[in-house]
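Please have the sequence and the 3D view at hand.

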Amino acid sequence: MGHASLTEPSSPLPHQPQSIPLDELALAEIKSAILAKLALAIGKDAALATRHDWYKAAALTLRDRVVHRWLVTEKQSYDAGRKRVYYLSLEFLIGRLFTDALNNMGLLRLFDAALGDLGVGLDDLRKCEPDAALGNGGLGRLAACFMESMATLQIPAFGYGIRYDFGLFRQIISHGWQQEYPDEWLGFGNPWELQRPEVVYQIYFGGHVVRKTDARGREQSVWNPGETVQAVAYDTPIVGWRGKHVNALRLWSARAPDPLRLDVFNTGDYLGASAAQSRAEAICKFLYPNDETAAGRELRLRQEYFFVSASLQDLVKRHLESEGQLRNLSAKAAVQLNDTHPSLAVAELMRILIDLHNTPWDDAWQITNATLSYTNHTLLPEALETWPIELFERCLPRHIEIIYRINTLHLDRATTIRPDDTNFRASVSIIDERAGRRVRMGHLAFIGSHRINGVSAMHSELMKETVFRDLNQLYPGRITNKTNGITFRRWLMLANPKLTDLLREACGDAVLDDPTQLSRLEAFAGDSAFQQKFRHVKHQNKIALARVIGERIGVQVDPSALFDVQIKRIHEYKRQLLNVLETVALYHDMRDDPTRDWTPRVKIFAGKAAASYRYAKLIIKLINDVAAVVNHDPLIGDKLKVAFLPDYNVSLAEVIIPAADLSEQISTAGMEASGTGNMKLSLNGALTIGTLDGANIEIRDNVGVDNIAIFGMDAAEVVARRQIGLDAGDVITRSPRLARAIAAIDNGDFSPDDPGRFASVAHALRHLDHYMVSADFDSYCDAQRSVDARWQIPPAWSRAAILNVARMAWFSSDRTIAEYAEDIWDVPVKLAAAPAPAARTAKG
C-alpha cells in the first residue's frame with residue numbers, strides 16, 4: 001500500500017504454541033486457497049505477483065473463512081430472535097485487520113506457515129495493509145475496541161459510521177510544521193469490505209414542510225425536500241476472540257441519485273453536469289471538515305444527519321422484516337450514540353415513527369427514549385456541539401419542528417418542577433437563546449435517551465455537577481458510569497507478543513481468555529529472575545522503536561534510556577506544552593551541570609492537531625524546534641533526546657506502546673473524560689505520570705499509589721484557581737526554572753530564524769494560564785525527578801512495572817461492554833468472570 005511503512009520493525013507472531021504440530025491437510029488447503037485467490041481474484045501468476053497481490057490474496061482467503069462464520073452466527077441470532085445493539089459513531093479507528101482477524105480466528109500460525117511455504121513472509125504482507133482512515137483518536141479507537149468486544153461476548157451488533165475516502169488527514173512534518181494531506185487508504189482497494197449495492201437509502205435535505213389533513217382528519221406534516229443523497233452500504237466483518245462470533249461494521253458512502261446530468265453535459269458544462277455528485281460525495285470525503293466557514297459547518301451537519309438517517313432507516317427496516325411492527329422496537333434494538341455527533345438520531349427516529357409510520361407522538365417518544373442511549377465523552381463546551389437555528393431551518397426543516405415540540409414538552413416538565421425559575425428553564429432548554437439561537441445537541445441527546453453514561457467515575461460525577469447539572473435534576477437517575485476499556489487481544493497479544501509469551505509462562509494459557517489471570521503475575525513482581533526476563537522483553541521492544549525513530553526522523557536514540565511517551569491528539573488541555581516546557585527546563589539543568597549522573601531520557605511525542613487548530617499546530621512546531629536544538633547539542637549527547645513521530649495511527653501506536661517506560665497522562669484535572677492510552681501503556685508495563693483526571697484515578701486505585709506518579713492540582717483546585725484569575729505571575733515568581741524556560745521560548749532560543757514565533761505561547765503561560773501549565777509546572781518537575789530516582793533502581797522500577805501489568809484486568813473492554821449490556825442495553829453476554837475494581841492505597 002502507498003502508506004505502508006518500510007521502516008516498521010518485524011513483529012514476531014503472538015503466542016504460537018510451537019510444540020503443537022500443524023495440520024498438514026489444513027496447511028495444504030490454505031496454500032491452495034491463497035494460490036486460487038491470486039489467480040482468480042487478483043489475476044496474477046505467482047511468479048509475477050507483487051507483495052500487494054499476495055497480501056490481497058491472503059486477506060481474501062482469510063475473509064472467506066470469516067464470512068462463513070459470520071453467516072452462521074447471523075443466522076443463529078435471527079433464529080433465536082435476539083436483541084441487537086446498534087453502535088452509532090462518526091469514528092471507528094480499526095487499524096489494520098489482517099493480523100487482528102488471523103489472531104482472533106486462531107489462524108495466525110497456519111497462515112504464517114502457508115505463506116512461508118509459498119515464499120512470502122507474513123510480516124511483509126502485514127505492512128502492505130494501510131490503517132483504515134476512519135477515525136482520529138480515542139473516540140474512534142474506543143469504538144473499534146467495543147466492536148471487537150461485542151463480537152467476543154457474542155452480542156449481535158452492528159456498528160454504523162461513514163466510509164471516508166480520505167479520513168482525517170495524513171500528517172507530514174515539514175520544517176517542524178504540521179501539514180495535512182489526503183490519506184488515500186483506499187488507493188489499492190479494501191479486501192475486507194463487502195459492498196452492498198442493494199442496500200441504498202434516500203437521505204433528504206432542505207426544502208420545506210407543508211401541513212396536510214389525512215382521511216381521518218388528522219393533521220400531518222409532509223416534508224418536501226429540496227435535495228436527495230443516496231447512502232450505499234459497505235460491510236466489514238469484525239471477528240471476536242476465538243472466532244466464535246462475527247458482527248458487521250456497516251459504513252455508508254454517499255452518492256447522487258443521478259451521478260451525471262447528461263442534458264447539462266451535452267451543453268458543454270462538464271463540471272456542472274457532475275455538480276450534484278460532487279456535492280453528495282463531499283459528505284464522505286473527510287472526517288471532521290474544517291468548520292471555520294459556513295460551508296464547513298453545513299457539511300459537518302450534513303455528515304451527521306446522513307449517517308444517522310441511513311443507519312436508523314436500516315435498523316427500522318430490519319426490525320420490520322422480522323417483527324412486522326415497531327411497538328416493540330426497544331425490546332429488539334438498543335441504539336448507542338457514541339458522543340454528540342449522532343444526536344440527530346433523537347429527531348430522526350421521531351420523524352420516521354411519526355411521519356412514515358403514523359405512530360402517535362406519545363408512543364413515538366416512548367419508543368425513541370427506550371431505544372436510545374447516549375455516551376458523553378467530554379466536558380469541554382466546544383465539543384458539545386451546537387448548530388445555528390438558521391442552518392437547521394435550511395438543511396433539516398422537518399427536524400427543527402420536531403426539536404421545537406420536544407423542547408416545548410420538555411420545558412413544560414421543567415416548569416412543573418421549578419415553576420418560577422427562568423434561569424433553570426434557559427439552562428435546560430434545547431435551544432440556546434443567549435448568543436444567537438442555537439440547537440444544543442448534547443441536550444437533545446440527553447433528553448431523548450433513557451440512559452446517559454460518562455466514561456470514567458470522575459467524568460460521570462462531573463457531568464452531574466457541570467455540563468448536565470440541571471438536566472440531571474430534571475431527569476434524576478439517567479446518568480450512569482461505564483469506565484472505558486481496551487481490547488487485550490489487540491493491545492497485548494498482537495502489539496506485544498514477547499510480553500504475551502512471558503505472561504503465558506507465568507500465568508498459564510488461560511490468561512489469553514480471562515484477563516483476571518493477570519493477577520497471578522503479582523507473585524513474580526519481586527522475583528529477580530522474572531524481572532530480568534521482563535526487562536529483556538521491554539528492551540527488545542525499545543530496540544524496535546529506536547529503529548523506527550531513526551529511520552523515520554533521523555534521530556538516533558539509546559534503547560537503554562528511559563522512554564518517556566506522550567501519544568495523543570494535540571490539544572491544550574492534554575498539555576503537551578507542559579511536557580515540552582519541562583523538557584526545556586531539564587535541558588537547561590543538564591547544560592548547567594553536564595557531569596551530573598542524569599537519568600538518560602528520550603521524550604517521544606506523537607499526535608495530530610486539528611487542521612484549523614492553529615495554537616495546537618504551534619505546539620507541534622515548538623516540540624520540533626526544541627528537538628532540533630536538544631538533539632544536536634554535543635554537551636548533552638544521549639542524556640536527552642526529543643522525537644516527534646509524524647502521522648500517528650494505530651499501527652504506530654502498536655510499536656510505541658510496548659516500548660514505553662513512562663506514560664504521560666498529564667491533562668488538566670477535570671478535563672479528560674477517561675483516556676484509553678493510559679490503559680494500553682500500563683498494560684504493557686509503563687508507569688504512569690499523571691494528574692487526578694479521567695481514568696487515571698481508577699488506574700491509581702487498581703495499580704496502587706506507589707506504582708504511579710500523581711502530581712498537580714485536582715479538579716476542585718483547578719476551578720478555584722480559575723476563579724481567582726488566569727495570571728500565572730505568582731507561580732512564575734516562585735519558580736526560577738519555570739521563568740527561565742518561558743523566557744527561553746519567548747526570546748527565540750529555539751527559533752533563532754524567527755525569535756518572536758512563540759511569543760503567544762509565552763504570553764499564555766504568563767497571563768492566560770487557563771490549562772494550568774504554569775501552575776502545575778513545579779509539581780510536575782518534582783514528579784519527574786522522583787521518576788528519575790526510581791529508574792536508577794532497576795528492581796524497584798521493574799517491580800512497579802510488573803504490578804501495573806498484573807493489576808490491569810479491570811480495564812478490559814470486555815468488562816466495559818458487559819456493563820453496558822447489563823445496565824443499558826439489556827442483552828445477555830457470554831463472559832468469563834470479570835474482576836471487581838480494586839481500591840489499593842497500601843504499598844505494592
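The protein exposes about 31100 Å², and carbon and sulfur atoms supply 52% of that area; accessible areas come from the Shrake-Rupley method with a 1.4 Å probe, and for residues only the protein chains shown count as cover. Before going further, note that this is a predicted model, in which local features need pLDDT of at least 70 and side-chain atom pairs count only at pLDDT 80 or more, while totals for chains, interfaces and linings use all residues. Residues are numbered from 1 along each chain as its sequence is written, and side-chain values use heavy atoms, with hydrogens and water left out.

Let's start with the overall build. The protein has 34 helices and 22 strands; these are DSSP runs, numbered from the N terminus, with helices being H or I of at least four residues and strands E of at least two. Its radius of gyration is 27 Å, close to the 28 Å that the globule rule gives for 844 residues, so the protein is as compact as a globular protein of that length. Here the radius is taken over C-alpha atoms, and the rule is 2.2 Å times the number of residues to the power 0.38. Along the principal axes, the C-alpha atoms fill a box of roughly 90 × 75 × 60 Å.

Of the 844 residues, 61% count as buried, meaning under 20% relative accessible area, with exposed over 50% and partly exposed in between (1.4 Å probe, protein chains only). Among contacts (heavy atoms within 4.5 Å) between residues at least 6 apart in sequence, 77% join residues at least 24 apart.

Now step inside. The largest nonpolar core has 158 residues, and Phe 98, Met 150, Trp 252, Phe 306, Phe 392 and Trp 825 have the most contacts inside it. Helix α10 (residues 294-323) gives the most to this core, with 10 residues. Apart from it lies another core, of 123 residues, among them Leu 662, Leu 681, Leu 687 and Ile 689. A nonpolar core is a set of buried Ala, Val, Leu, Ile, Met, Phe, Trp, Tyr and Cys residues joined through side-chain atoms within 4.5 Å. Back at Phe 98, the residues it touches include Tyr 55, Leu 62, Leu 122 and Trp 192.

After α4 comes Gly 119, whose phi is positive, near 85 degrees.

Helix α24 (residues 614-630) is also mostly covered, with 14 of its 17 residues buried.

Strand β1 (residues 84-88) holds Tyr 86, which is buried at a relative accessible area of 3%. Beyond its neighbours within four places in sequence, Tyr 86 is in contact with residues including Phe 158, Tyr 160, Leu 315 and Arg 318.

Finally, what about the cysteines? A search of the whole structure finds zero disulfides, a disulfide being a pair of cysteine sulfur atoms within 2.5 Å. The sulfur of Cys 284 is 17 Å from the closest cysteine sulfur, in Cys 395, which is too far for a bond. Cys 284 counts as buried at 2% relative accessibility, and Cys 145 is buried with a relative accessible area of 1%.
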